[in-house]
Amino acid sequence: MTLEERFQTLSRHRQAHAERVAAVMRALAQQHHLDEELAWFGGWAHDLAREMSRPALLAEAETLGIVIGPEEQAEPLLLHGPIAAKWVERAGRGTPQVLEAIRYHTTGAANLGPLAQALFIADGVEPGRRYALREALYLQALEDLNGGYCAVLKNTQAYLLSRGLAPHPDMVRALDQCTAGTVQDTH
Ligand SMILES: [Fe+2]
Ligand SMILES: [Fe+2]
């Protein structure tokens, strides 16, 4: 199946979300001098595996050779980013930056490049989301990509904690780095 065919299998609501994320990615890319087409594509592709069932995600991860950690075993939905990244890679459509972005869009991670920071932000602040801080976080990210990324991470952590959920270890490491103020641009 091509990536376009996979996109067409998604619900209208998921397609619309992906298109809004792609549009926010383009805006962030313009503002921060990133590759606009790559940014748009990352947004478009990030949730290609989001509507698979949990058993199907586990099976597909195994087929693709993706390491399934204890968190992913407990919540296979966490695999939808890594699986979409592998599909994009196998379709020959990815750069390391866009693969990293898609792979980590759910949890964030330490040492993410700017495109991956942008996708984590865009997924959280696209205009279809409804929460009080959404627009303020988007405006912050347009000004300061890393600051916006850390703010969206903190907001996500607060949301998870309010629901009694533990943040993923990759998110904890990303937050630690934000607190230490030592995020390095490795790209
Ligand atoms: Fe997602
Ligand atoms: Fe998403």
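User: Why is His-33 called exposed in this model?

Analyst: The model is predicted. His-33 has 8 other C-beta atoms within 10 Å. The cut-off for exposed is 12 or fewer, so His-33 counts as exposed. His-33 sits in the loop between helix 2 and helix 3.

User: What makes the phi of His-33 worth a remark?

Analyst: The phi is near 60 degrees, a positive value, and the residue is not glycine. Asn-111 also has a positive phi, about 60 degrees, without being a glycine.

User: Where is Asn-111, and why is Asn-111 called partly exposed?

Analyst: Asn-111 lies in the loop between helix 7 and helix 8. Asn-111 has 15 C-beta neighbours inside 10 Å. Exposed needs 12 or fewer, and buried needs 20 or more. The count of 15 falls in between, so Asn-111 is partly exposed.

User: What makes Gly-128 exposed?

Analyst: Gly-128 has 11 other C-beta atoms within 10 Å. The limit is 12 or fewer, so Gly-128 qualifies as exposed. The loop between helix 8 and helix 9 (134–143) holds Gly-128.

User: Which residues does Gly-128 touch, leaving out those up to four places away in sequence?

Analyst: Gly-128 touches Ala-16, His-17 and Arg-20. Its C-alpha atom is also 9.9 Å from that of His-13, a residue 115 places away along the chain.

User: Why are helix 2 and helix 3 called roughly antiparallel?

Analyst: Helix 2 (residues 12–32) and helix 3 (residues 36–45) cross at roughly 155 degrees, and their axes come within 7 Å. Angles over 145 count as roughly antiparallel, so helix 2 is roughly antiparallel to helix 3. The crossing is right-handed.

User: Which residues make the contact between helix 2 and helix 3?

Analyst: From helix 2 the list includes Ala-18, Val-21, Ala-22, Met-25, Leu-28 and Ala-29. From helix 3 it includes Ala-39, Trp-40, Gly-42, Gly-43 and Trp-44.

User: Which residues have the most contacts inside the largest nonpolar core?

Analyst: Met-25, Leu-28, Ala-84, Ala-118, Ile-121 and Ala-122 do, in a core of 46 residues. Helix 8 (residues 114–125) gives the most to this core, with eight residues.

User: What is Leu-28 in contact with, beyond its neighbours within four places in sequence?

Analyst: Leu-28 contacts Ala-39, Ala-118, Ile-121, Ala-122, Ala-141, Leu-142 and Leu-145.

User: Where does UniProt place the HD/PDEase domain?

Analyst: The unreviewed UniProt entry places that domain at residues 10–137. The span is 64% helix and 0% strand, and its end C-alpha atoms lie 28 Å apart.

Note on methods: Residues are numbered from 1 along each chain as its sequence is written. Chains are lettered from A and ligands numbered from 1 in the order in which they are written. This is a predicted model: local features need pLDDT of at least 70, side-chain atom pairs count only at pLDDT 80 or more; totals for chains, interfaces and linings use all residues. A nonpolar core is a set of buried Ala, Val, Leu, Ile, Met, Phe, Trp, Tyr and Cys residues joined through C-beta atoms within 7 Å. Helices (H or I, at least four residues) and strands (E, at least two) are DSSP runs, numbered from the N terminus. Two residues are in contact if their C-beta atoms, placed from the backbone, lie within 7 Å. UniProt positions are given in the numbering used here, feature names are shortened, and annotations may be inferred rather than shown by experiment. Axes are lines fitted to C-alpha atoms, for helices over the stretch in contact, and angles run from 0 to 180 degrees between N-to-C directions. Angles under 35 degrees count as roughly parallel, over 145 as roughly antiparallel, 65 to 115 as roughly perpendicular and the rest as oblique. A crossing is left-handed if the near helix is turned anticlockwise from the far one by less than a right angle, and right-handed if clockwise.
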